[in-house]
Amino acid sequence: MSERRGHPQAIAEDVRRTVRLEWWNVGWTLSVIIVMGFAMGGSQAMRTAWIEDTLGLVPPIAFLIAIRFEKRSANARFHYGYDRANGLGFVIAAVALGAVGLLLLKDAALSLFTLEHVTVGSIRLFGRDIWLGWFMLAAQAYSIVPPLIIGHKELPLAKRLRDKLIHTDALMNKANWQTGVAGLLGVAGLGMGWWWADSAAAGVIAVSIMSDGWGALKVATAELLDGIPHELGDAKLSSEARAIAKSLKAQFPDARILMRETGRYIRAEVVGASPPKNFDIDSYEIEGLTDRWRLDSIAFRP
Amino acid sequence: MKAFLSALAAKTGARAQVQEGSTEAIIAGLEAGNFDLAFADLADDSPWINDVSFLYPFERHRLGERTLGFRSIARNGENQWIALLEKTLRDQGYGK
């Protein structure tokens, strides 16, 4: 049972850093949404990219809300604390990522099947006629930079914090910059008369995004259903959980070892054994588990 | 409209061949690539607005609740051609 208040000391600094990064993420994403909103004109690809950028706000906002709940201690209404707030945010982020992929695929397929020829006009500015596609290209180029940098910074933090929500946000940022590249190619293709280039590029990227979203959704659902602790970005049993199971099995050979993951923490249960006298989880050594904070509790069911 | 066509002919080196017909036939012909350019009196909120590209009108007038414009129409996605049409129209004082 999580009765602590705040995050374990070992990850407190990384949590603070991640919160700061996610605020930056929200700010930059808003700036991209505004720039893209002004430049999108009649282009379907730009509109899709804009919707996708808007959905990109979901994971960082879910994280910022979840992290506030997570540090609260257990209370009369929530006896096990709020560790699972992160898991709930993870589900929301995974659904958003999957939705982005689905939306992109639908639009790309529709444009290809209906042979949609997008018109991008021009404007006269300071006496010069400028093709509006140049503004779209500039906006698309701008929309690539923030997610590329932020996503890159998120990955090591997600790894250290075992934060699947941040990992999914990094995937969302990857989806955003890849869609930006597809949009760039698409608008450039429109200028060259290749009406299909945009949709074809978007379709290929949509499949990759959907695959990431599906993978994240599987792990997020498994966590909600008390599945085994997973490796970050993978459905395999985590190496830390394996180390915990091995250590407990060695000490209680006749017992069954059950494990589940609540947010970033692992909880183990020893079935068919009683705790040794003076058993203290904090001083209990587990070989191969370097980040000790990962193991939140060991329960015994004789 | 004549001055516009002359300017366009001078820029492209093309000779205009004019054909008349109903709006429905003109739009279908444009979509099929039979014409490069058409002129018609169409409302700003015409249902054809998504099927073809409306350019700046030469003149506007009210008809009941709606505003119509006698304008050039081009095939969707012909971006270089549309940019040239827009530039020529602007040079003659239409559009912005």
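This passage walks through the fold of chain A and then a sheet in chain B.

The model is predicted, so to speak, from end to end: local features need pLDDT of at least 70, side-chain atom pairs count only at pLDDT 80 or more, and totals for chains, interfaces and linings use all residues. Residues are numbered from 1 along each chain as its sequence is written, chains are lettered from A and ligands numbered from 1 in the order in which they are written, and side-chain values use heavy atoms, with hydrogens and water left out.

Chain A first. Its C-alpha trace spans about 85 × 35 × 35 Å along the principal axes. Eight helices and five strands make up its list of elements; helices (H or I, at least four residues) and strands (E, at least two) are DSSP runs, numbered from the N terminus. Read from that end, the order is α-α-α-α-β-β-α-α-α-α-β-β-β. Of the 302 residues, 49% count as buried, where buried means under 20% relative accessible area, exposed over 50%, and partly exposed in between (1.4 Å probe, protein chains only).

Thr179(A) gives a look at the inside. This residue belongs to helix H6 (residues 164-191) of chain A and is buried, with a relative accessible area of 8%. Leaving aside residues up to four places away in sequence, Thr179(A) touches Ala49(A), Glu52(A), Leu104(A), Gln140(A), Ile205(A) and Ile209(A).

Strands S4 (265-271) and S5 (295-301) of chain A have a loop between them, and Asn278(A) is found there. The two strands run parallel and are joined by six bridges; strands count as paired if DSSP finds at least two bridges between them. Within this pair, Val270(A) has Phe300(A) in S5(A) as its bridge partner. S5(A) is mostly covered, with five of its seven residues buried.

Most residues other than glycine have a negative phi. Asn278(A) is not a glycine, yet has a positive phi of about 60°; it is exposed, with a relative accessible area of 74%. Leu115(A), also not a glycine, has a positive phi near 50°. Leu115(A) sits in the loop between helix H4 (85-113) and strand S1 (122-125) of chain A and is exposed too, at a relative accessible area of 51%.

Now for chain B. Here three strands form an open sheet in the order S1-S3-S2, with antiparallel pairing. Strand S1 (38-43) and strand S2 (52-63) of chain B are the edge strands, each pairing on one side only. Neighbouring strands of the sheet are turned by 30° against each other on average, direction ignored. Nine bridges hold the antiparallel pairing of S2(B) with strand S3 (residues 66-75) of chain B, and Ser53(B) stands opposite Ala74(B) in S3(B). Helix H3 (residues 79-91) of chain B lies across S2 and S3 of chain B, at about 35° to S2(B). For these angles, axes are lines fitted to C-alpha atoms, for helices over the stretch in contact, and angles run from 0 to 180 degrees between N-to-C directions.

Conventions. Contact means heavy atoms within 4.5 Å.
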